[in-house]
Amino acid sequence: MLQLARYRTLWRHITFLYVKPSNSILILPINLSAVAILLSGTLYYLTIFRFVQASRAWTIRAFTPRRHFHYLKAPPMLSTTMNCSNSLLTPASVTSHSVASTPLNVGVGLSNPQMSQSRRRMLDLVNRLHSTGVQVDIDLPQIAVIGSQSAGKSSLIESISGITLPRAAGTCTRCPTECRLAHSESEWKCVVSLRFTTDANGAPLGQPRNEVFGPPILNREEVEERIRRAQRAILNPSKSAKVFLEDDDDVSDEAELSFSHNCVSLQISGPDVADLSFCDLPGLIASVGRGGNVNDIKLVESLVTSYIKKPSCIILLTVACETDFENQGAHQIAKAWDPEGKRTIGVLTKPDRIPLGEETEWLKFIKNEKEPLQNNWYCVKQPSSNDLKQKWTWQQAREKENEFFSATAPWCELEGMYQKYLRTSNLVERLSSVLSDLIAKRLPEIQDELEKSTHATRELLRKLPREPSQQPVNEVATLLHEFVADLSRHINGVPDSKGLIQSVRPAQEHFRQEIKSTAPRFRPYEKKYAASRTMPRARFLDNEGGDVSENDELELPQVTGSGKQKKRETGVVFVDEVFQRAQCYRTRELPGNYPFVVQQSYIDECVLKWRSPARILCKNVYTTLSGYLKNMIHDHFAHFGQGMLEHRVRILIQDHLKTCLAKTEERINWLVDLEDKAFSLNTHYLTDYRSKFLAYYRGARNKSNYSDIMQTINGYVPASPVAGQKAPVLFGISKVLSGLAEVGLLGIQAEDLAKLFKTDNMEPALEIMADVRAYFQVAYKRFADNVPMAIDRELVWGVERNVLPLLWNGLGLNSLDAHRICKEFAQESSAIANRREELTKKLQRLEEASQQLLQVGSS
């Protein structure tokens, strides 16, 4: 019988009694009182009940789901023997167990049926979000398991997921292994798939590629082999994954890559499976062996960093107790990205391998005294290599873990408040709590990120070219009609500063000025006076925008250092030179008459200069029009197909434009040749200009020859009579004008008095100058209009004329191969097609994730 030190209290009923013989397990419901006793200052409990006599010894454990039993513990000294009798189970092997551990009928890992429904919904939500693949677009909450090489990460994953991972000497995990656990009422199932985010050269893919690796697994024992084969497929990206799925396992384990960013994904569901998502990352390595790649150290570190740097990543930091803490680099990386320890949960593994005398240092982690974390440190005990060889079940592993922490110092001696940081079940409980809380906190942010990303993706899709239709001939025909209609609109003129007509206008204005500048620069004084006399302003030309040759007064010549005058203007024709040419061209004319060939010679000299500006204008318009059409063709056809249609249309339009240019140049030459002979029916303007220029030249000459009189005439101001005053005495110009009025010559102005001067012997030359200058005014305006009009009609409008039939025939749309030709034209470029597919899949992921959030909101 047990020797009780003293009776303490009577506890409520215990729900179940777990009886474990050597070869079987029984769960027996009981409804008896539990007696709590205090032995050597330690509180533990024992169940007293009636039991049928048995012929062998039993191991008895009592369990309760009540929260306050978490603070009970059993000292290692409690190990007594009980024998079965008719009324009482006598001691055989009684071991007290901390009530903090999970009942054995609750399933694997986080599949506790007593988990709150709200937490389960949160974990289930993030699991469904991960299933959509939206984690590549937004930051989703997840758990990343990190640690140094051989820190016990894989064993920890096995204890959480209930599956067996591949094991080998050295580093076992060579690529990320993502586990998505989902509780389901259907039978247990595991789907293995490969997710590629980089190509064979390690370059990032624009769109992650998921590939299912084999059929669903219904037997847990097959998972380890499938994962091992999947990892080999990841490490050999140049080979088909099917090779590693179907081989006889005789293929060499040598891989193309030592580590990879691509991952193996496990989707596990079943009635005893939790709702949780986590990722097992390759263990950090400090050095490589002979033949190893030193770059692997940085590669693994960057791979781990790519996961834990995300703010929504919970870092599950595994540290092996058999190795000095400072020599394990995983905590340094975790601290770099989570310096305050807000999202890191520490896990001590292999507590049975702590060197003798160092137990106290490790207990400081459990008490959060060393490297404190907001979510504390935990300690778990996983099966050893020998245990695994004996094929322990998950239940056996948890039982042995409970025995270890209940009977092994210093763990069993920890105060009750620290017992909750021991055992896998408590760790898993904390993981699910932290993850579900993070999910609930992140939900509004996830919703905002989804909405923004969805809107941005739709905008990018909208900006892409239209997707090729199944009727390419109709689509090409539509594009051609739209282009021709737009071309006609631009040729007709659009209200835009960068329009075609606006772009051509500066060249036209420059052409007009160039033609105008070819006007003969006549001077009504002799050449000997070139350095001393100037020309007055021809004010009658002010209404025409001024005249280059007549309205700019001649500058006085500059004087050089030697005192010689330097003439600055060129192309000037003096009156004596005109008179001399007139004399030379006389044949049988009577004295005082000169042939029209004199005027024609000066006209020819001017017209001869018009051909070059006209050709320059034509070339400028051609260049402007060519560039404008090139841009229009690009706007209409660049995003259609792979650019073949744009290229063909550009060639056809360019060839058509060259044909129009040739016709235009012929028309310009014809217009220039048309001006070879002086002709005009515009006699009114011609006569008017002649009289004005003749008066202008006479006035300028008289101003030089009769400067005093001309100064008086120009300075004359008529006196205005004042009522009530006596009329002033007339003298000078007033007296002359009054005398002319008395003899009946009315309406004579002061400037008309210059006509009374003595006839100039240079008068014939002045008349020739007036004839030529008057005709030039009429002819240059005519030519300055006709040439741009010809270019506009033959070149600008000529491009639009019959362009649709030209394109239709040139592209072969009237042939029997029209469908094949248009199908080739409509073929979308691979870059745009890939971009469209990438954005479409992204939009599908985002919309599916949004639907999952809406379901949570409506549930």
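**Figure 1. Helix α15 and its buried residues.** The buried residues of α15 are Val598, Gln599, Gln600, Ser601, Tyr602, Ile603, Cys606 and Val607. Buried means under 20% relative accessible area, exposed means over 50%, and partly exposed lies in between (1.4 Å probe, protein chains only). The helix is mostly covered, with 8 of its 11 residues buried. The cover includes β17 (521-523), β20 (572-574), α14 (575-585), α16, α17 (644-674) and α21. Contact here means heavy atoms within 4.5 Å. Helices (H or I, at least four residues) and strands (E, at least two) are DSSP runs, numbered from the N terminus. This is a predicted model: local features need pLDDT of at least 70, side-chain atom pairs count only at pLDDT 80 or more, and totals for chains, interfaces and linings use all residues. Residues are numbered from 1 along each chain as its sequence is written, and side-chain values use heavy atoms, with hydrogens and water left out.

**Figure 2. The protein as a whole.** What is the secondary structure of the protein? It comes to 24 helices and 20 strands. Of the 859 residues, 46% are buried. Take the contacts with a separation of 6 or more: residues 24 or more positions apart account for 75% of them. The accessible surface is about 44900 Å², and 51% of it belongs to carbon and sulfur atoms. Accessible areas come from the Shrake-Rupley method with a 1.4 Å probe; for residues, only the protein chains shown count as cover.

**Figure 3. Aromatic pairs.** The structure holds 20 aromatic pairs. Rings of Phe, Tyr and Trp (its six-membered ring) pair if their centres lie within 6.5 Å; planes under 30 degrees apart count as stacked, over 60 as edge-to-face and the rest as tilted. Phe404 and Phe405 make an edge-to-face pair, because their ring centres are 5.2 Å apart and their planes stand at 80 degrees. Both Phe404 and Phe405 are buried. Trp610 and Phe783 have ring centres 4.8 Å apart and planes at 25 degrees, so this pair is stacked. Trp610 lies in the loop between α15 (597-607) and α16 (611-637), and Phe783 lies in helix α21 (residues 763-800), so the pair ties together parts that are 173 residues apart in sequence. Trp610 and Phe783 are both buried.

**Figure 4. Charges over rings.** A charge sits over a ring if NZ of Lys or CZ of Arg is within 6 Å of the ring centre and within 35 degrees of the ring normal. Arg581 places its charged end over the ring of Tyr602, 4.0 Å from the centre. Tyr602 is one of the buried residues of α15. Arg174 lies over the face of Phe259, at 4.9 Å from the ring centre.

Figure 5. Ser148 is in the loop between β8 (142-147) and α2 (153-161). Is Ser148 buried or exposed? It is buried, with a relative accessible area of 12%. Its side chain reaches the backbone nitrogen of Gly329 at 3.4 Å. Leaving out residues up to four places away in sequence, Ser148 touches Lys153, Gly283, Leu284, Thr318, Gln328, Gly329 and Ala330.

Figure 6. A salt bridge is a side-chain nitrogen of Lys or Arg within 4 Å of a carboxyl oxygen of Asp or Glu. By this rule the count is 34. One of them joins the side chains of Asp137 and Arg845 (2.9 Å, N to O). Asp137 lies in the loop between α1 (117-132) and β8, and Arg845 lies in helix α24 (residues 830-858), so the pair ties together parts that are 708 residues apart in sequence. Asp137 is partly exposed, at 24% relative accessible area. Arg845 is buried, at 10%.

**Figure 7. Salt bridges within helices.** An α-helix has 3.6 residues a turn, so residues three or four places apart point the same way. In helix α11 (residues 424-463), Glu445 and Arg442 are 3 residues apart, about one helical turn. Their side chains meet in a salt bridge (2.8 Å, N to O). Glu445 is partly exposed, at 39% relative accessibility, whereas Arg442 is buried, with a relative accessible area of 7%. Helix α12 (residues 472-492) holds Arg489 and Asp486, also 3 residues apart and separated by about one helical turn. The closest N and O atoms of their salt bridge are 2.8 Å apart. Arg489 is partly exposed, at 45% relative accessibility. Asp486 is buried, with a relative accessible area of 15%. Elsewhere, salt bridges that share partners join Glu225, Arg228 and Arg229 into one network.

Technical notes
A polar contact is a pair of N or O atoms within 3.5 Å; within protein, one must be able to donate a hydrogen and the other to accept it, and residues adjacent in sequence count only if both atoms are side-chain atoms.
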